[in-house]
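Biologist: Please give me a close look at a single part of this predicted model, with each term spelled out as you come to it.

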Amino acid sequence: MKKVLFIIESLGDGGAEKILTTLIKNVDKTKYDITVFVIAKTGIYVKEVESNCRLLYALNPEKNYNSLLYKLKSKFIYCYNSALVYKTLIKENYDIEIAFVEGLATKLVANSFNKHSKKYAWVHIDLINNPWTDIVYKSLEEERECYNRFDRVFCVSSSVKDAFDAKYDTHNSAVQYNPVDEKEIIDKSKEFKVEKKADLQLVTLGRLVPQKGYDRLVKCVKRARDEGYDHFNIWILGEGKQRVFLEKYIKDNKLDKYITLCGFKNNPYPYIAASDAFICSSRSEGFSTVATEALILGKPIFTVECAGMKELFGDCECGRIVENNDQSLYELFVNVLKKSDFNLYTKDLIKRKENFKLKRAIEEIENLFG
């Protein structure tokens, strides 16, 4: 049995954390002894991961977040030499070590003292359009050197791989699509019913952060309302630091009828199932998990162009993709408001979702592990 270590910063409500949870739940436990190491034991997926593998952690925010020891340990992890941090935190040897997100996890596995392990990194985002890992490294050269220490770097879409190759000029990357549990999504979508708030009900889901572009989506809503469109509502599911801005903008512009901030939902699928279409305003993505889930639930996807969307559609007409700028987003939004028959997409949505089978994705990943 191979010992496999995954490192990730936390188990919050992001797409990478959800994908890791799906992977951990479904990988063959008779072939792989799985350990997940998190920097901070926090997030909605902690219990689920803990019940499916061994979960280790460096920090526990629930117990001693405000203590001096916690703060010193956190500073040590994030600010000191990564090789020393790895040696301090990781006590065992593993056959396979995986940095499941960019940034700190990647830096730690790159500095592993275990010379005999296979080392893999996952990249979930277009690191040219969203270069958030710049804060983790002293320079681009340091980050490039880290990635060159991995046996393979798996990118969640071809678009992500293209950006990764262009930025880091490495030769060890490959595309590996995320596992998505289509049966769980469909089953959970039926757990309860949600009533539409308007004749045309749209839905979007994600963290309330600038990356997701909800600040520009609500401006599209105001502009459409001012131009006479009055028959729609958007559910925005998620939490994040932009909530205060969004709440104020909605209140100041009297958009309560048109926008519903639903907050984070443990089970968002009944909302997706009850909607007429899914809309994506993201400034950047890797391979959108929630857009994939909307496709599985038969909802047409209207999105700005970001990494993974063209691959998600394949050669099928699953909705519409436009250029990623504010004016194109508005024109897309108005186009959605004018639509009278979303059933035109049903045949292609049914055809395309056959490509997203959990069993096939898990088998591909297990083959990578050997």
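Modeller: Thr 303 is buried, its relative accessible area being 0%, where buried means under 20% relative accessible area, exposed over 50% and partly exposed in between, for a 1.4 Å probe and protein chains only. This is a predicted model, in which local features need pLDDT of at least 70 and side-chain atom pairs count only at pLDDT 80 or more, while totals for chains, interfaces and linings use all residues. Residues are numbered from 1 along each chain as its sequence is written, and side-chain values use heavy atoms, with hydrogens and water left out.

Thr 303 belongs to strand E12, residues 301-304; strands (E, at least two residues) and helices (H or I, at least four) are DSSP runs numbered from the N terminus. Setting aside neighbours within four places in sequence, Thr 303 is in contact, that is, with heavy atoms within 4.5 Å, with Cys 280, Met 309, Phe 313, Arg 320, Ile 321, Val 322 and Leu 332. Ser 328 lies 25 residues from Thr 303 in sequence, and their C-alpha atoms are 9.8 Å apart in space.

From here I turn to helix H10. Arg 216 is in helix H10 and, at 6% relative accessibility, counts as buried. Beyond the residues up to four places away in sequence, Arg 216 touches Ser 281, Ser 282, Arg 283, Val 304, Asn 324, Asn 325, Asp 326 and Leu 329. The side chain of Arg 216 also reaches the backbone oxygen of Ser 282, at 3.3 Å.

Arg 216 is one of the H10 residues that meet helix H15, together with Leu 217, Cys 220, Val 221, Arg 223 and Ala 224, while H15 contributes Asp 326, Gln 327, Leu 329, Tyr 330, Phe 333 and Leu 337.

Two packed helices are described by the angle between their axes and the distance between the axes. The axes of H10 (residues 214-226) and H15 (residues 326-338) come within 10 Å and cross at roughly 55 degrees; such axes are lines fitted to C-alpha atoms, for helices over the stretch in contact, and angles run from 0 to 180 degrees between N-to-C directions. H10 and H15 are therefore oblique to each other, given that angles under 35 degrees count as roughly parallel, over 145 as roughly antiparallel, 65 to 115 as roughly perpendicular and the rest as oblique. The crossing is right-handed, a term for a near helix turned clockwise from the far one by less than a right angle, with anticlockwise giving left-handed.

Helix H11 (residues 243-252) is another partner, its axis coming within 10 Å of that of H10 and crossing at roughly 5 degrees, which makes H10 roughly parallel to H11. Here Tyr 214, Asp 215, Val 218, Lys 219 and Lys 222 of H10 meet Phe 245, Leu 246 and Tyr 249 of H11, and the contact has five nonpolar, no polar and three charged residues. Lys 222, at 24% relative accessibility, counts as partly exposed, and apart from neighbours within four places in sequence, Lys 222 is in contact with Tyr 249, Asn 253 and Leu 255.

Methods:
Nonpolar A, V, L, I, M, F, W, Y, C, P; charged D, E, K, R; others polar. Polar contact = N/O pair within 3.5 Å; in protein donor to acceptor, adjacent residues only side chain to side chain.
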